[in-house]
Structures are given as C-alpha cells and as structure tokens.
Amino acid sequence: MADETNTPDGMSPSARERLRKAADELLKADRKANRRAAAGNADDYAELDPNEFDDEGNWIGEDPDMDATPQIDPVEALTTENADLKDRMLRLAADMENLRNRTKREVADAKSFAVANFARDMLAVSDNLRRAIEAVTEEKRESGSDEFKSLLEGVELTEKSMLGTMERHGVKKLDPEGQKFDPNFHQAMFEVPNPEVPNNTVVQVVQSGYQIGERVLRPAMVGVAKGGPKAPPADAPAEDQSDS
C-alpha cells in the first residue's frame, strides 16, 4: 500500500473524504429532524413516504394537508354574501323609515306646540273677558242703555273672535260640565252631594280649561258630584230590552 501524501493542512485525502461523508450524514440527520418537527408529531412523521424525499432530504411529494383544506363553493359564497347584503339593506331601510316617522312627529309637534307659550299667556285675557261678561246680570242687560248693550255685545264678540282664533291654531277650550271627571284634563276643587247624577260627574265648571293637541295648557277647575250611582264604563254593552 502506497503512503498517502498529506495536504498542506496536514490532513490526508482519505481522512478528508471521511470528514466530508460525516458532515453529509449530519446534514441529512438535521434535515430529518426538521421534517419531524414540521410533521407535528411522530405519528404524522411515520406516515410520510420516504420515497417522497430526494437524496438531499428535500420534500418532493404532495402536501398531506392539501386534501383536508376545505374547498369554498363560489356559488354558495356569493349566495351567503347576497343574503348578508340583503339583510343589511333591510335593516338600513327600517332605520330610515323609523327616522322619517320620528322626524315627521317632531315636526308636527313643533307646529302644534309652537304657540303654546303664547296661548298660555292669552288665557288670562280670555278669563278677563269672560268675567266681564258674567258680571252683567240679566236685569242690567234689560235695563241698560243702548250704548251699554252695544259695549257688552262688543265684549262678547271679542271673546268669541279670540276663542275662534285660538282654536284655528289648535287651542281648544274645555267645557266638561256633565262629563265624567278625568284627572288628566280636570282639577277637582270641591264635591257636590247629588244622588241624581252618576258619581264623579262634573256638575260645575269654576274655570274653563284649555288644551293644544293632546297637551293640556290648563286643566278645567270643576266641582264633582258625590253620592250618586257609579257611572257605567264607556264601552259597557247596552242591556237587552227585548221581551224574553
């Protein structure tokens, strides 16, 4: 056997070849370890086919997770997206309709109640006109001069014109005499014993009330009957008067 000639670095060719082979084995082992870690666990790694790796350990097979990847049906995706858009459009349309109705109510309320403060201040004028008219007795009306009668008639016409103007602007006078007492529109000042009328019936109006729309400007001050029979409910059916 011939002597091996050492290389400049002091290593013989055969030793260098063995070192190269050892380095290749370490590289292959490292690649296998990386593939084992990528497989997730030892069972997945065991299922891999060694023939799907080349000599250098590179993966040349198909992705084992490729078949498990769910395939999205484009028609189903478009149908779902269309349903979602339709639901959003319906919700938006409902919100816009609610906003339109709310705005309409607010505008109507603003129009109805715009003169509420002014009308409330004018109630004192209406009260004074009514007091002036009621202060004149029938005897004075008959015995008064023509000028006095004309003056009284002018006051009555002024009150009537004022009430008509207020009513055109939504202000309505409450005249509840003979009606059932309603705490929402009436204020009871006293009770009047009267067994001839149903209980809680307004029998006297001390001061007229006023309302604008559904809002009460001033409740009517009234006297309420007490001691009579209970008032029947408004929706009570009429009794059968036919002969049995």
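Visitor: Is Met 96 buried or exposed, or partly exposed?
Guide: Met 96 is partly exposed, at 42% relative accessible area. Buried means under 20%, exposed over 50%, partly exposed in between, with a 1.4 Å probe and protein chains only. This is a predicted model: local features need pLDDT of at least 70, side-chain atom pairs count only at pLDDT 80 or more, and totals for chains, interfaces and linings use all residues. Residues are numbered from 1 along each chain as its sequence is written, and side-chain values use heavy atoms, leaving out hydrogens and water.

Visitor: Which helix is Met 96 in?
Guide: Helix H3, residues 74-113. Helices (H or I, at least four residues) and strands (E, at least two) are DSSP runs, numbered from the N terminus.

Visitor: New topic. Which strands form the open sheet, and in what order?
Guide: Three strands, in the order S1-S4-S5, with antiparallel pairing. Two strands pair if DSSP finds at least two bridges between them.

Visitor: Which strands stand at the edges?
Guide: S1 (171-174) and S5 (215-218) do. Each has a single partner strand, so one side of each is left without a neighbour in the sheet.

Visitor: How many bridges join S1 and S4?
Guide: Four, in the antiparallel sense; S4 covers residues 209-212. Lys 173 stands opposite Tyr 210 in S4.

Visitor: Which helix lies across S1, S4 and S5?
Guide: H4, residues 116-134, running at about 40° to S5. Axes are lines fitted to C-alpha atoms, for helices over the stretch in contact (heavy atoms within 4.5 Å). Angles run from 0 to 180 degrees between N-to-C directions.

Visitor: Now Gln 207. Where is that residue found?
Guide: In strand S3, residues 202-207. Gln 207 counts as buried, at 19% relative accessibility.

Visitor: What is Gln 207 in contact with, leaving aside neighbours within four places in sequence?
Guide: Asp 127, Arg 131, Arg 218, Ala 220 and Met 221. The C-alpha atoms of Gln 207 and Met 221 are separated by 5.1 Å, with the two residues 14 apart along the chain.
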